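Keep the structure open while you read.

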Amino acid sequence: FPRYVATPLAGLLNVKEKIRLKATPNAVLEKFYAATTKHPKQADVEMLSKKSGCTVRQVERWFRRRRNQDRPSLLKKFREASWRFTFYLIAFIAGMAVIVDKPWFYDLREVWKGYPIQSMVPSQYWYYMIELSFYWSLLFSIASDVKRKDFKEQIIHHVATIILISFSWFANYIRVGTLIMALHDSSDYLLESAKMFNYAGWRNTCNNIFIVFAAVFIITRLVILPFWIMHCTVVYPLELYPAFFGYYFFNFMMAVLQSLHIFWAYLIIRMAQKFITGKARGGGGLGRTRGGWRVVEDERSDREETDNSEEEEEAAKNGPLSNGHPVLNNNHRKND
């Protein structure tokens, strides 16, 4: 998919890579970078300056460039977002097709009717197997995917989701399981599509999709899931049979998942707050400029560092720069 679909699509949307300056080979600095830390303290910088024969500013610049080399490229981010968008959209449509004609989609008490002896149709089987396979793939590939600040939370989420899907399959919680999976897929494809348009530079489209995503996420994850679905899994079963180990275990894992939803909702609300107040910088959220709305920093992203020291040196010699060329008229600045 990345090679035959995502890459050509990136070309059509004019996704452009940033030109990154590479760190010059330096055995002393490279060894410290790999073995000790990517973010040396001031004392370390001074020590490395003496060992390597570089000035303090050159050492700081080397580490900035070296860190940027390890960060994922814009094309890699776009590829990841585009294939996840495709999967989540297809999964959501398929999930709705599986459950929309079922009585428990409209009356949650039907989820437990006849439990534990409940029939299963082939569409439910394939929906479960594909979703389970997808989350296993995310867990295996998380080390090579774009790494974000919520890396640990992502691992917890994938493990909790795999356990929930697997356990609900073994305990025949299939009806409620299909509802939970479809509910999660309802907002994920919106986030991935917003990322795609962000990387392509379609700011207004990204901003509008993000607004829709934030609303859908909060409604589905903070309202429908806890007050409808979790109420269905906590309260309704006790009306039919005594609580057993599976009942406690399943609802405990649901509580773990809900805690992660609250954490991510907090990040989304922070981004929305920046969108409203305009107190934000460039990246993956939303913000306000004199010329209109623009995308601002994604709370989960590892922001690329600019080579400020080099820019300052060039500016001192040649005047202010824009994309590597002198700015001829400082009264007309290009909006980000």
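What covers the buried residues of α2? Among the covering parts are α3 (42–52) and α4 (56–70). Bear in mind throughout that this is a predicted model.

**Helix α2 and its two sides**
- Helix α2 runs over residues 27–35, and its buried residues are Leu 29, Phe 32 and Tyr 33.
- Those three sit on the same side of α2, because the arc they cover around the axis is only 100°.
- In general, an α-helix has 3.6 residues a turn, so residues three or four places apart point the same way.

**The nonpolar cores**
- The largest nonpolar core takes in 57 residues. Val 111, Trp 112, Tyr 173, Ile 229, Phe 250 and Met 254 have the most contacts inside it.
- Two or more residues of this core come from each of α5 (74–99), α6 (122–141), α7 (151–170), α8 (174–200), α9 (203–234) and α10 (245–277).
- Helix α10 gives the largest share of this core, with 11 residues.
- There's also a second, separate core of 10 residues, and Phe 32, Leu 48, Trp 62 and Phe 63 are among them. Phe 32 is also one of the buried residues of α2.
- Click on Tyr 173 for a look at the packing: residues up to four places away in sequence aside, Tyr 173 touches Trp 112, Tyr 115, Tyr 128, Ser 168, Tyr 241, Phe 244, Gly 246, Tyr 247 and Phe 250.

- Ser 82 is found in helix α5. With a relative accessibility of 1%, Ser 82 counts as buried, because the cut-off is under 20%.
- Ala 160 belongs to helix α7. Its relative accessibility is 2%, so Ala 160 counts as buried too.
- With neighbours within four places in sequence set aside, Ala 160 is in contact with Met 253, Val 256 and Leu 257.
- Ala 160 and Tyr 135 are separated by 25 residues in sequence, and their C-alpha atoms lie 10.0 Å apart.

**Cavities**
- How do you find empty space at all? Rolling a probe the size of a water molecule over the atoms shows where it is left.
- Searching the whole structure turns up two cavities of 30 Å³ or more.
- The largest cavity holds about 160 Å³ of space. Its lining has 15 residues, and Thr 161, Leu 164, Ile 165, Ile 180 and Met 181 lie nearest the centre.
- At least two lining residues of the largest cavity come from each of α6, α7, α8 and α10. By class, this lining splits into eight nonpolar, five polar and two charged residues.
- The second largest cavity has about 40 Å³ of space. Gln 118, Ser 119, Met 120, Gln 124, Asn 172, Ile 174 and Arg 175 line the second largest cavity.
- Of the residues lining the second largest cavity, two are nonpolar, four polar and one charged.

Notes:
Residues numbered from 1 in each chain as written. Predicted model: local features only at pLDDT ≥ 70, side-chain atom pairs only at ≥ 80, totals over all residues. Heavy atoms only, no water. Core = buried A, V, L, I, M, F, W, Y, C linked by side-chain atoms within 4.5 Å. Buried < 20%, exposed > 50% of the residue type's maximum accessible area, 1.4 Å probe, protein only. Helix = DSSP H or I, 4+ residues; strand = E, 2+ residues; numbered from the N terminus. Contact = heavy atoms within 4.5 Å. 1 Å grid on protein atoms, 1.4 Å probe; cavity = no way out; pocket = protein on both sides within 12 Å on 5 of 7 lines; lining within 4 Å. Points joined across faces, edges and corners; volume = space filled by probe spheres on them. Nonpolar A, V, L, I, M, F, W, Y, C, P; charged D, E, K, R; others polar. Arc of directions from axis to C-beta.
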